[in-house]
Amino acid sequence: MCGIVGYLGSEKASDIILSGLTKLEYRGYDSCGIFFHDTDNDRFITYKDKGRVHHLVDDFDYQYNNHLAIGHTRWATHGKPNQANSHPHFSLSQRFGIVHNGVIDNYLELTTKYLADVPFSSETDTEVIVNLIDYFSKTLAVEEAIRKTLSLLEGSYALLIIDIVNPDILYAAKNKSPLLVGVGSKGIIIASDVMALVGYADHYLPLEDKSVVTVSKTENQYHFELKDIIGKPLPTTMLEMNIVMEDIGKAGYSHYMLKEICEQPSVIRKIMAMYLENGSSLPDKIIQHFQEANRIYIVAAGTSMHAGFVGKYLLENIAQIPVEVFIASEFAYNPPLVEKNPYFVFISQSGETADLRSSLVWVKSHHYQSLTITNVPTSTLAREADDFLEIYAGPEIAVASTKAYVAQVAILLLIAYQLASRKPFDIHVELSRVAVAMDAIIDRRDYIQHLVRDKLVKHNCFYIGRGLDYFTCLEAALKLKEISYIQTEGFAAGELKHGTITLIEEGTPVIAVISQKTMNHATRGNIREVQTRGAEVIVISMSDIHDVTDQIVLMDVHEYLAPLITVIPTQLIAFYTALILERDIDKPRNLAKSVTVE
Ligand code: G6P
């Protein structure tokens, strides 16, 4: 969802902004723009429109010397994607230019109260912010005018502000939407996502809510000041940058998604190294919170919620702890009746999903304990929950989540295993087998590509399975629809006949997942039901329960770990289907990687 990046330093600012916007593309957007100071002619220039960053990069006039710039990728919330609504936005006097992530809830009231005479040129809430700054700057110093404006805003914002009167200063502010300040040897870069800092910053600082940054230049040195909303200086303890350019490249793969699918065996091995080897384990405090809880409440969205379903099964079956799973956007407005001693577990690849954040705010307001399981240790959810576990999937750039999903499942498995009074298997042995089994199916991906071409590219599709396989089916169906735009549903195999079987006709693809011995017979019965009605069936099964006609047979692993393996061919099916249909696989239409609005 929207991305922002700004820079003040000795390098060419527009290069850094365009490279930053390209790195932020994966978050999802529909328009983009840049605003910079043309140093030679002491004037400001804007490019903005609906469309992709590569159009901006292609159309950009690279002759300008410039050292101050801000840029934006917009995912439309207030007003449709077009040039007028693209960022940056300007105050009526043109003195201030701004880019904004987030949503201002009270922008209409503020307009009526302070800006009734201002003719707006866009439908965005952002234009209200920039005009308020201008309005207050008539009586206050600029920094104070910004703080005064922020004190009136209700909602979420990450802002970068340029005052054209002073091209040696860049202002930034944040509330609820993420923003990070990166410091490099040649300047200061501020962005909504750590990815945009890669290659330019050696250290960085994730900002807290309601903080204001002023970047300035004195004697060719660039530095920043951090204050709270009333102007009190805040500490600036910097973190070391631990992502390098190679981590965010495609490493020779055609798509990030394929690269990330192929990285999954290494992710499992990395998780083993971080949490199982050399005496390392999950933190005692977290294990104790699970042990003391009467019930676990998992809150998540999309793919992370599917990991949550698998986690529920594992925690209940391996560790005998009752668990409920909630859709984050529902939880935030309709919280459940909570048991005594609850423990809330937030699962989020990005750690920024707004629906989870609202739920966490509710949990904290009730003084309940919480844990965030995420891929981004500096994310809002990681910082705001009481406890935090990193999933170590490495940067995931494709919008459709793959390796983060298996990493989330693996972490939930480790938790269940550590809590189990009787260990049902040797976790080292079984996770090592999982990595090998993943390698084996990834090595056969050409075969899956052929299978997809022959049988699968149709207008709708079903995944069916029981127990743990049902959760894999939910995730498999989401993946296929996300990137191929084929209508796909994941069904509990036995439930299909209670209505939805009417949709099965000659040639409808039905993909069955069978990894659980006790359910093998019943699911095969359901396969026959759909075959009789003309379905084109593909079966994904484990070696020890496979049938000779099954198309995708996977290496055996313990049944509890099967979701880590069965999901891999479904990711490949989604990938190759989207490839045949020539979809924008890494950036599917209408989707955002990090959904920072509710
Ligand atoms: C978006 C993405 C999904 C993702 C979901 C939750 O909808 O498109 O792929 O599963 O957000 O994101 P999170 O970062 O909280 O796991």
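Reader: At what angle do helix α14 and helix α18 pack, and how far apart are their axes?

Author: First, the ground rules. This is a predicted model, where local features need pLDDT of at least 70, side-chain atom pairs count only at pLDDT 80 or more, and totals for chains, interfaces and linings use all residues. Residues are numbered from 1 along each chain as its sequence is written, and side-chain values use heavy atoms, with hydrogens and water left out.

Author: Now the general idea. Two packed helices are described by the angle between their axes and the distance between the axes. Here, α14 (residues 427-443) and α18 (residues 562-580) pack at about 20 degrees, with axes 9 Å apart. That makes α14 roughly parallel to α18 (angles under 35 degrees count as roughly parallel, over 145 as roughly antiparallel, 65 to 115 as roughly perpendicular and the rest as oblique). Axes are lines fitted to C-alpha atoms, for helices over the stretch in contact, and angles run from 0 to 180 degrees between N-to-C directions. Helices (H or I, at least four residues) and strands (E, at least two) are DSSP runs, numbered from the N terminus.

Reader: Which residues of α14 and α18 make the contact?

Author: Contact means heavy atoms within 4.5 Å. From α14 come L431, V434, A437, M438, I441 and I442. From α18 come L564, I565, I568, P569 and L572. They divide into 11 nonpolar, no polar and no charged. Ala, Val, Leu, Ile, Met, Phe, Trp, Tyr, Cys and Pro count as nonpolar, Asp, Glu, Lys and Arg as charged, and the others, Gly among them, as polar.

Reader: In what order do the eight strands of the open sheet run?

Author: Strands of a sheet pair through backbone hydrogen bonds, either parallel or antiparallel. In this sheet the order is β3-β2-β4-β1-β10-β9-β11-β14, with antiparallel pairing. Two strands pair if DSSP finds at least two bridges between them. At the edges stand β3 (43-50) and β14 (239-240), each with a single partner strand, so one side of each has no neighbour in the sheet.

Reader: How many bridges join β2 to β3, and how many join β2 to β4?

Author: Eight bridges join β2 to β3. I34 has Y47 of β3 as its bridge partner. Six bridges join β2 to β4, where F36 stands opposite A69. Eight of the eight residues of β2 are buried (under 20% relative accessible area; exposed is over 50%, partly exposed in between, with a 1.4 Å probe and protein chains only).

Reader: Which strands does helix α1 lie across?

Author: Helix α1 (residues 13-24) lies across β1, β2 (31-38), β4 (68-74) and β10, at about 20 degrees to β4. Five bridges join β1 (residues 3-9) to β10 (residues 187-191).

Reader: Is H367 buried or exposed?

Author: At 71% relative accessibility, H367 counts as exposed. H367 has a positive phi of about 60 degrees. K210, with phi near 55 degrees, counts as partly exposed at 39%.
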